[in-house]
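Colleague: Please put the model up, and I will ask about its domains and helix packing.

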Amino acid sequence: MHAVTNSDALSTPFDNEFGVDVAIIGAGVAGMYAAYCCSLMGIGCAVVDELAVPGGQCMALYPEKTVYGVPGYVGVKAKDYVLKLSEQCLTTIRHKFFGYRVEKINKTSENKFGIEARSISACNDGDNDIRISAQYIILATGIGEMKPNIPVTIKGVSEIPKSSDFVQFYCLNHALYRGKNVVIAGGGDSAVDFTIDIAPIAKHVTIVHRRENFTCEPHKIVKIQELVNAGKIKLEMNQNILELREFAGKRYVYTDKKEYTPDHIVFCYGFIANPGSIVKDLGIETEKNLIKVNLDNMETSVKNCYAVGDAVTYANKKKNIIPCFFESDRAVRAIKTKISGG
Ligand SMILES: Cc1cc2nc3c(=O)[nH]c(=O)nc-3n(C[C@H](O)[C@H](O)[C@H](O)COP(=O)(O)OP(=O)(O)OC[C@H]3O[C@@H](n4cnc5c(N)ncnc54)[C@H](O)[C@@H]3O)c2cc1C
């Protein structure tokens, strides 16, 4: 185990180790921006993420998808956006650790947080787990392990061989769909975004949605209608997917109304939030697996522990990139006020 030290920070001993003002857990959009806010406000911080690269969901689930709704871009590939954001936010951060999972956070006798992170990446050599002491923590842990939400009522999913590329939960590699027949399941923003991205290269795309209407942002409907008119996509609304089957080299999707034989089906039903054991261990109040925060300052029910991004819930919270910025700014400003004795 090696200690993280930061001479600019409130360096107080913790088990013969030193600490930082703020430890940020998670380097998705929210965590990266929190680090940026810390550097703007002259606060020493450390950032830890279990993934090998920054970007969270954007990189792990949809690096090639066009991202909408971020200022400065009409639309931008997620991986390009993350690159710009990490240049802006992480370049000046000394203590950044990728491939480290935070497994334990204790309250120390000095009322600080003792954070233990285990190296889980092959690129981190051997016994170099890290231990950080911090006066404040910001949980930017997103949706945790990013487990796709697949209704248990759909039969046959578990029987499809692991080696098969029939069932997809996100679009890591758009080239997979080139010249293929694709069913996209869902009617929210991600289903519509993927359709708009993939339609030009796929042979044909069919959206199967259980409702009559889409629940995506209205501006995207215009594009969807254009693709329908061009014969590139077909909309199959008011249908529930009941079963998937793959045998004798053929792939079948059965709904309560029809049968489809695509090359791939992409489920866009969202992800199941899981805040992980650290939230439980600290005794933080949650609601439906999301961290409850005070919107005035993004503080959780545990003093000096803040949370931002997709991990949190409050009235009218939207799981989008934009709120991540606002929430991170707000949390760091609240911390700055405390540090300055306000
Ligand atoms: C398919 C899809 C398409 C989307 N498209 C758009 C869009 O076009 N526009 C838009 O505005 N929003 C979009 N979103 C939503 C947007 O991606 C999220 O709102 C945003 O990425 C949330 O960022 P975050 O930093 O809160 O969480 P995350 O991106 O989930 O990052 C959390 C990070 O915390 C890390 N972590 C968690 N637990 C630990 C631990 N114990 N130790 C170490 N690290 C840990 C994870 O590895 C992860 O990197 C989309 C979402 C999906 C799923």
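Modeller: Residues are numbered from 1 along each chain as its sequence is written. This is a predicted model, in which local features need pLDDT of at least 70 and side-chain atom pairs count only at pLDDT 80 or more, while totals for chains, interfaces and linings use all residues.

Colleague: How far apart do the C-alpha centres of domain 1 and domain 2 lie?

Modeller: Domain 1 covers 2-145 + 271-339 and domain 2 covers 150-267, with bounds that come from an automatic or database domain assignment. The separation of their C-alpha centres is 34 Å.

Colleague: How many residues of domain 1 that touch domain 2 are nonpolar?

Modeller: In domain 1, 7 residues are in contact with 8 residues of domain 2, where contact puts C-beta atoms, placed from the backbone, within 7 Å. Ala, Val, Leu, Ile, Met, Phe, Trp, Tyr, Cys and Pro count as nonpolar, Asp, Glu, Lys and Arg as charged, and the others, Gly among them, as polar. On the domain 1 side there are 2 charged residues, 1 polar and, as the number asked for, 4 nonpolar.

Colleague: Is Thr108 buried or exposed, or in between?

Modeller: Thr108 sits in the loop between β7 (100-107) and β8 (113-119); strands (E, at least two residues) and helices (H or I, at least four) are DSSP runs numbered from the N terminus. Buried takes 20 or more other C-beta atoms within 10 Å, exposed 12 or fewer, and partly exposed lies in between, with C-beta atoms placed from the backbone. Thr108 has 15 other C-beta atoms within 10 Å, so Thr108 is partly exposed.

Colleague: How are α4 and α5 oriented to each other?

Modeller: The axes of α4 (residues 189-198) and α5 (residues 219-229) come within 10 Å and cross at roughly 40°. Axes are lines fitted to C-alpha atoms, for helices over the stretch in contact, and angles run from 0 to 180 degrees between N-to-C directions. Under 35 degrees is roughly parallel, over 145 roughly antiparallel, 65 to 115 roughly perpendicular and the rest oblique. The two helices, α4 and α5, are therefore oblique.

Colleague: Which residues of α5 meet α4?

Modeller: On the α4 side the residues are Val192, Thr195 and Ile196. Their partners in α5 are Lys220, Lys223 and Ile224.

Colleague: How far apart are the axes of α1 and α7?

Modeller: Two packed helices are described by the angle between their axes and the distance between the axes. For α1 (residues 29-40) and α7 (residues 321-339) the angle is about 35° and the distance 8 Å.

Terms used: Two residues are in contact if their C-beta atoms, placed from the backbone, lie within 7 Å.
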